[in-house]
Amino acid sequence: MSSTRTLLSPAVLARPRGRAAYWSVFTGVVLLFALAFLFPVYWMVTGAMKSPDEVARTPPTLIPQDWHIGGYTDAWELMQLPTHLWNTLVQAAGAWLCQLVFCTAAAYALSRLRPAFGRVILGGILATLMVPAQALVVPKYLTVADLGLLNDPLAIWLPAVANAFNLYLLKRFFDQIPRDVLEAAEIDGAGKLRVLWSIVLPMSRPVLGVVSIFALVAVWQDFLWPLMVFSDTGKQPISVALVQLSQNIPLTVLIAAMVIASIPMVALFLVFQRHIIAGISAGSTKG
């Protein structure tokens, strides 16, 4: 009979005093961590509602003396946020779709089709993770410029396809799918593409969700590469536009613009948090 060692014994937790002390400490720790994570968000959201003088005041005020909601409307209009948010959405959605299609196909081929020199190819792909991203910026820019893709969303979509980490993550997950399931589908007459579409992809929803989040967040928060390939201000994503248009803009308006720019990613996580946690749990247990 196996026993589990805990900080407090079951006998102590059975007593009213021990139970009260345990829940008091537990509640205090949870509130402390929640405060540590949520306070910066509160500070940013309320900072946009203060007057410029109050934001720069020392010591700072915890609660705005006068609530100015106009900072958000000014940010929406002065910094042309609808245009730049749409640009970011187009770039992120295209990069996500391209990465999901090509990385999934490559991972399935390396995992299940067993091509010649597959291990060598996988090793070469993983070796690119050792190369600093900054070292690839100049070759990528010269390639994009030679192809005439500057100020074009394809300059974001195509480089995003070559993501060695997501490809390896997908391959590891495909490796853990039981062979009996795939062989049963092949016996029933399903081809390789049919097996991928009808068997592998439905079983891979958790890891596909994680890869999707990684792909979207990577494009949404990227700054250096969009800054290089988008010289046209009207085509720049939100990460570049916030910096380019921040001159001669009040600090409260800039903070409000940052809050608005962060809302899509926060909403995406809140909507798909179950799939994200399921994908991480599946990857940790199967890996």
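Student: What makes residues of α12 such as Val207 and Trp220 count as buried?

Tutor: Buried means under 20% relative accessible area, exposed means over 50%, and partly exposed lies in between, with a 1.4 Å probe and protein chains only. In α12 the buried residues include Val207, Leu208, Gly209, Val210 and Trp220. This is a predicted model: local features need pLDDT of at least 70, side-chain atom pairs count only at pLDDT 80 or more, and totals for chains, interfaces and linings use all residues. Residues are numbered from 1 along each chain as its sequence is written, and side-chain values use heavy atoms, leaving out hydrogens and water.

Student: What span is expected for α12, and what does the helix reach?

Tutor: Helices are DSSP runs (H or I, at least four residues; strands are E, at least two), numbered from the N terminus. The expected span is 1.5 Å times one less than the number of residues. α12 has 17 residues, and 24 Å is expected. From first C-alpha to last, α12 reaches 24 Å, close to that value.

Student: Why is Leu31 called exposed?

Tutor: Its relative accessible area is 55%, so Leu31 is exposed. Leu31 is found in helix α2. Its C-alpha is 44 Å from that of Phe230, 199 residues apart along the chain.

Student: Why is the pair of Phe39 and Trp43 called tilted?

Tutor: A pair of aromatic rings is described by the distance of the centres and the angle of the planes. Rings of Phe, Tyr and Trp (its six-membered ring) pair if their centres lie within 6.5 Å; planes under 30 degrees apart are stacked, over 60 edge-to-face, the rest tilted. By this rule there are five aromatic pairs. Phe39 and Trp43 have centres 5.8 Å apart and planes at 35°, so the pair is tilted. Both lie in helix α2 (residues 16-47), four residues apart, about one turn of the helix. Ring pairs link Phe39, Tyr42 and Trp43 into a cluster.

Student: Why does Phe39 count as partly exposed?

Tutor: Its relative accessibility is 35%, so Phe39 counts as partly exposed. Trp43, at 32%, also counts as partly exposed.

Student: Why is the pair of Tyr108 and Phe174 edge-to-face?

Tutor: The planes are at 80° and the centres 6.5 Å apart, so the pair is edge-to-face. Tyr108 lies in helix α5 and Phe174 in helix α9 (residues 164-175), so the pair ties together parts 66 residues apart in sequence. Both Tyr108 and Phe174 are buried.

Student: Which charged end sits over the ring of Trp43?

Tutor: A charge sits over a ring if NZ of Lys or CZ of Arg is within 6 Å of the ring centre and within 35 degrees of the ring normal. The charged end of Lys50 sits over the ring of Trp43, 4.3 Å from its centre.
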